[in-house]
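Please read it with the structure open.

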Amino acid sequence: MIKKFGVSVGIAVLLAVFSVPAAAQFEGKIVFNSYEVTPDGSQSQNDQFSMYVTNDRILLEGENQYSFGGSIQTEGVLVRLDFEDFVFLTGEQSALKISKQDISAMMNMFSNGNAAGQTPDVDQEVEYERTGETQNVNGYSCEKFIFTDQEDPNAHAEVWMTNELNIHWGMLAEPWGNTDLDMMGDQFSTDLIFRDGYFPMRIEGYESGELRQVTEIQEIEQSDIARAMVQIPQGVKVLSFQDYLFNKMSEQ
């Protein structure tokens, strides 16, 4: 469970989309650090990833390669809300473009036999408690939530979240395929992100009461730099999902 609360945060945060109509929308750069904590209290750097946000695009890129769908290795993901698609940066000169429509079709295909539009009955494995505790994190007022997993009662996560960081999310909070897709995984309530406008600033993963993993925002800066970062680099060949599958089949 600890890794569920840590590693998935980057992809988690990036792939959610909804518009919170309150304050001015955030545009800029957010840098996350994720590290493990050993029993003696020392820290081991696990990953660092950056998130560039504009009004209609979000780029998430990290130091490591990430696996999407078990078969796509990517160095970063560009979410283009204006085109309703994802661009996976799969190498220096190549990228894979997948539309929301393509992903919806795949989800329908692998939906365990549920009819189109039918939402399967799934028990909520992760529950959360709103503690009422508040704390300032990186200049933002945050509230503490405690998340517990029914499948792993010895582990829990303490998450400091703010509703002062208004990011323009978009298509991914909408129903996808046969289910209301929660691209955050089962770690967080989608209502907290989409309806209430919360954003995780620091996530602490505990095992048997001991701190084992931390994912936190190291840097957050409002600037115009994100506008230049959320473009497909010049010279990069963008493949459609169909072309990508054809090339993979040809390699076999």
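1. Basis. This is a predicted model, in which local features need pLDDT of at least 70 and side-chain atom pairs count only at pLDDT 80 or more, while totals for chains, interfaces and linings use all residues. Residues are numbered from 1 along each chain as its sequence is written, and side-chain values use heavy atoms, with hydrogens and water left out.

2. Overall content. The chain holds six helices and 12 strands; helices (H or I, at least four residues) and strands (E, at least two) are DSSP runs, numbered from the N terminus. Of its 252 residues, 46% count as buried. Buried means under 20% relative accessible area, exposed over 50%, and partly exposed in between, with a 1.4 Å probe and protein chains only. The chain exposes about 12800 Å², and carbon and sulfur atoms supply 46% of that area; accessible areas come from the Shrake-Rupley method with a 1.4 Å probe, and for residues only the protein chains shown count as cover. Among contacts (heavy atoms within 4.5 Å) between residues at least 6 apart in sequence, 61% join residues at least 24 apart.

3. Strand S9 (residues 152–162) is mostly covered, with eight of its 11 residues buried. S9 pairs with S8 (residues 140–149) in the antiparallel sense over seven bridges; two strands pair if DSSP finds at least two bridges between them. S8 and S9 form a hairpin with two residues between them, and phenylalanine 145 stands opposite valine 159 in S9. S9 is also joined to S10 by eight bridges, again antiparallel, with methionine 161 opposite proline 200 in S10.

4. Tyrosine 206. This residue lies in strand S10 (residues 199–207). Tyrosine 206 is buried, because its relative accessible area is 14%. The side chains of tyrosine 206 and glutamate 204 are joined by a polar contact of 2.7 Å. A polar contact is a pair of N or O atoms within 3.5 Å; within protein, one must be able to donate a hydrogen and the other to accept it, and residues adjacent in sequence count only if both atoms are side-chain atoms.

5. Aspartate 149. This residue lies in strand S8 and counts as buried at 4% relative accessibility. A polar atom of the aspartate 149 side chain lies 2.9 Å from the backbone nitrogen of glutamate 151.

6. Seven of the nine residues of S4 (residues 72–80) are buried, so the strand is largely enclosed by the rest of the structure. S4 pairs with S5 (residues 85–91) in the antiparallel sense over five bridges, and arginine 80 stands opposite aspartate 85 in S5. The charged end of arginine 80 sits over the ring of phenylalanine 83, 4.4 Å from its centre; the criterion is NZ of Lys or CZ of Arg within 6 Å of the ring centre and within 35 degrees of the ring normal.

7. Positive phi. Most residues other than glycine have a negative phi. Glutamate 84 has a positive phi of about 55 degrees although it is not a glycine; glutamate 84 is in the loop between S4 and S5 and is partly exposed at 37%. Asparagine 138 also has a positive phi of about 55 degrees, sits in the loop between S7 (126–137) and S8, and is partly exposed at 35% relative accessibility.

8. Aromatic pairs. The structure holds six aromatic pairs. The rings of phenylalanine 32 and phenylalanine 199 have centres 6.3 Å apart and planes at 40 degrees, so this pair is tilted. Phenylalanine 32 lies in S1 (residues 28–37) and phenylalanine 199 in S10, so the pair ties together parts that are 167 residues apart in sequence. Rings of Phe, Tyr and Trp (its six-membered ring) pair if their centres lie within 6.5 Å; planes under 30 degrees apart count as stacked, over 60 as edge-to-face and the rest as tilted. Both phenylalanine 32 and phenylalanine 199 are buried.

9. Serine 34. This residue lies in strand S1 and counts as buried at 2% relative accessibility. Its side chain makes a polar contact of 3.5 Å with the side chain of glutamine 213.
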